[in-house]
Amino acid sequence: MSSLTSVEMNFLVFRYLQESGFTHAAFTLGYEAGINKSNIDGNMVPPGALVKFVQKGLQYMEMEANLTNGEMETEEDFSFFQPLDLISKDVKELQDMLRERKRKERDKEKEKDKSKENDREVEGERSRLREKDRHEKLKEREKEREREKMERDKEREREKMERDKEREREKMERETFERERERMKLERERETEREREREKMEKEKAQEKQVGDGDRDMVIDQSDKANAGDEDHARSSAAEPMDITMTPASMPSHIPSSDVRILEGHTSEVCACAWSPSASLLASGSGDTTARIWNIPEGPLKSGRTINALILKHAKGKSNEKSKDVTTLDWNVSAAASSSLLIKYLPGEGTLLATGSCDGQARIWTTNGDLISTLSKHKGPIFSLKWNKKGDYLLTGSVDRTAVVWDVKAEEWKQQFEFHTGPTLDVDWRNNVSFATSSTDTFIYLCKIGETRPVKVFAGHQGEVNCVKWDPTGTLLASCSDDSTAKIWNIKQHNFVHDLRDHTKEIYTIRWSPTGPGTNNPNKQLTLASASFDSTVKLWDAELGKMICSLNGHRDAVYSLAFSPNGEYIASGSVDKSIHIWSLKEGKVVKTYTGEGGIFEVCWNKEGNKLAACFADNSVCVLDFRM
């Protein structure tokens with residue numbers, strides 16, 4: 001191995017000083033060491049040669065210190081030393097340092113392994129305790145569910161027995177009434193027969209008298225008969241509810257195909273539809289995770305004209321994502337154009353469409369199909385959704401047992417109302433700040449924004465309350481239930497004012513007529529309509545709480561009702577696939593249409609000359625209505 005001469009070392013130091021900028025030091029060293037007299041070719045020495053030389057020397061010492069018995073133990077990690085240690089210590093001292101360092105690392109590793117083992121044992125014990133606790137809680141919950149189920153079963157059985165007793169009592173009362181009426185009828189007939197016998201005897205006696213007297217007796221006899229007939233007619237024409245049933249003699253006219261347009265495009269059942277209050281736009285919501293806005297031409301429908309639809313997608317590329325099914329929708333009635341974000345979309349009513357879906361989100365869309373707001377707070381599907389009249393709040397009811405008021409301008413929830421113990425089935429605004437909610441828990445709550453407790457609680461139903469609707473003045477609240485009853489409540493009273501019990505099966509929906517105080521038809525009587533699974537529609541006098549008539553035209557459950565804007569007609573849609581349009585003035589069906597699937601909802605446009613319906617066969621239809 002060749003050694004480094006002092007001349008070569010001087011040259012390396014000279015070059016280092018030059019490269020480092022120490023010009024004077026380099027000149028002095030070069031002069032005193034006679035660098036210019038050496039035979040070293042400077043061009044052959046690379047830049048930084050001295051630094052590289054020193055680094056390689058240190059690396060050599062580091063390598064030598066890591067060698068044991070002349071060979072490196074490649075199984076172990078290579079250890080690095082500080083440069084000062086390499087310069088100030090010899091190889092043996094470095095090897096001692098290395099052995100001490102490795103011993104400490106091994107001790108630390110053993111301590112770490114021991115700590116990990118202890119942690120694993122502790123965690124294992126915690127896991128066992130958690131699992132045991134979870135099992136105990138599951139068992140407790142299961143026992144609690146079983147107890148609740150038994151209590152519910154007992155309650156249902158008790159309610160069933162009470163209903164059966166009530167029905168039996170009503171049946172007996174009806175039978176008693178019928179027997180009494182039959183007895184009175186027979187008594188009247190006997191009395192009439194006796195009267196005729198007396199008249200006959202009197203006539204025979206009168207034959208012996210003068211002809212004039214006989215004629216006068218005949219006139220009196222006829223007058224008495226007429227009076228008796230009038231009295232019988234008056235007794236038989238007392239205010240009894242009418243059963244209006246379609247008979248062959250009064251069969252309605254079917255709406256011709258030229259007056260019907262079938263709107264196709266949805267790929268699953270269509271469960272909601274609504275006309276815009278300001279334009280000829282029809283919105284529909286479906287189980288295919290979309291809503292659609294159809295631009296319906298003004299005037300009579302023509303088969304050749306194309307009807308376009310905007311598709312409002314609630315799922316991104318997954319049309320079978322059931323959690324995005326659209327369950328309800330509603331157009332804004334008025335607008336509060338003070339939001340910097342929404343101001344351009346709020347020139348008036350019917351400019352925004354709100355949709356609710358099974359993913360628990362409410363969405364707000366423009367008539368151009370733009371999604372401008374997604375409202376997330378619920379933890380379950382939204383079953384009902386309503387704008388207030390001012391248009392600044394949106395109200396939603398969900399399976400998660402809550403109702404939420406959304407501030408549309410701020411695009412955030414304002415208040416969540418957590419009063420019900422079962423899914424919230426329906427919501428309806430009383431005014432711009434208060435509303436009613438109904439639930440499977442049989443209760444109805446009247447709530448107000450800013451209040452943390454219900455303003456009023458209505459209790460009286462014995463089954464799920466499917467629908468609540470305020471009358472046009474916001475004074476009377478109507479409700480209907482699976483207990484086969486509808487009830488009318490007054491805001492000033494705690495108990496219901498009318499209990500409407502003529503249906504025999506669950507009542508699915510109710511509607512107030514657009515008549516009476518607070519409507520465009522103030523001089524007409526206010527009426528409540530109810531639709532039931534007993535296949536009938538019944539009309540009720542809201543003031544007296546009496547049934548006006550029963551509309552018996554459907555063959556299966558009736559799911560939907562809609563009064564025409566003038567209050568003269570009511571449309572009903574049924575699982576039997578048919579739509580009936582009833583004239584309330586004539587008391588009969590005047591138009592009918594039969595589709596290819598059960599009907600979930602019917603609705604009139606604002607002019608009252610078109611009726612829309614959504615079907616279980618994935619279609620929407622629009623009917624021209626002309627009388």
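Me: Is Asp 133 buried, partly exposed or exposed, and at what relative accessibility?

Reply: Please note that this is a predicted model. A residue counts as buried under 20% relative accessible area and as exposed over 50%, with partly exposed in between. Asp 133 stands at 38% relative accessibility, so it counts as partly exposed.

Me: With which residue does the side chain of Asp 133 meet in a salt bridge?

Reply: A salt bridge requires a side-chain nitrogen of Lys or Arg within 4 Å of a carboxyl oxygen of Asp or Glu. Here the partner of Asp 133 is Lys 137, at 3.4 Å from N to O. Both residues belong to helix α5, four residues apart, which is about one turn of the helix. Lys 137 counts as partly exposed because its relative accessibility is 46%.

Me: Which residue forms a salt bridge with Arg 103?

Reply: Arg 103 pairs with Asp 107, and their closest N and O atoms are 3.1 Å apart. This pair also lies in helix α5 (residues 91-206), with a spacing of four residues, about one turn of the helix. Arg 103 has 37% relative accessibility and therefore counts as partly exposed; Asp 107, with a relative accessible area of 39%, is partly exposed.

Me: Which parts of the chain does the salt bridge between Lys 524 and Glu 568 link?

Reply: The side chains of Lys 524 and Glu 568 meet at 3.6 Å, N to O. This pair links distant parts of the chain, 44 residues apart: Lys 524 is in the loop between β26 (507-512) and β27 (527-532), and Glu 568 is in the loop between β30 (558-563) and β31 (569-574). Lys 524 is partly exposed at 35% relative accessibility, and Glu 568 is partly exposed at 36%.

Me: How many salt bridges does the structure hold, and which residues are linked in a network of them?

Reply: The structure holds 31 salt bridges. Asp 259, Lys 610, Asp 624 and Arg 626 are linked in a network.

Me: How is the packing of two helices described?

Reply: The description uses the angle between the two axes and the distance between them. For helix α1 (residues 6-20) and helix α2 (residues 23-33), the angle is about 160 degrees and the axes are 8 Å apart. Angles over 145 degrees count as roughly antiparallel, and α1 and α2 are therefore roughly antiparallel to each other. The crossing of α1 past α2 is left-handed.

Me: Which residues form a nonpolar patch on the surface?

Reply: Leu 4, Phe 53 and Val 54 form such a patch, with about 250 Å² of accessible area together. Phe 53 is found in helix α3 (residues 49-65) and counts as partly exposed, at 43% relative accessibility.

Note on methods. Residues are numbered from 1 along each chain as its sequence is written. This is a predicted model: local features need pLDDT of at least 70, side-chain atom pairs count only at pLDDT 80 or more; totals for chains, interfaces and linings use all residues. Side-chain values use heavy atoms; hydrogens and water are left out. Patches are made of residues with over 30% relative accessible area and no salt bridge: like charges are joined within 9 Å, nonpolar side chains (Val, Leu, Ile, Met, Phe, Trp, Tyr) within 5 Å. Accessible areas come from the Shrake-Rupley method with a 1.4 Å probe; for residues, only the protein chains shown count as cover. Helices (H or I, at least four residues) and strands (E, at least two) are DSSP runs, numbered from the N terminus. Buried means under 20% relative accessible area, exposed over 50%, partly exposed in between (1.4 Å probe, protein chains only). Axes are lines fitted to C-alpha atoms, for helices over the stretch in contact, and angles run from 0 to 180 degrees between N-to-C directions. Angles under 35 degrees count as roughly parallel, over 145 as roughly antiparallel, 65 to 115 as roughly perpendicular and the rest as oblique. A crossing is left-handed if the near helix is turned anticlockwise from the far one by less than a right angle, and right-handed if clockwise.
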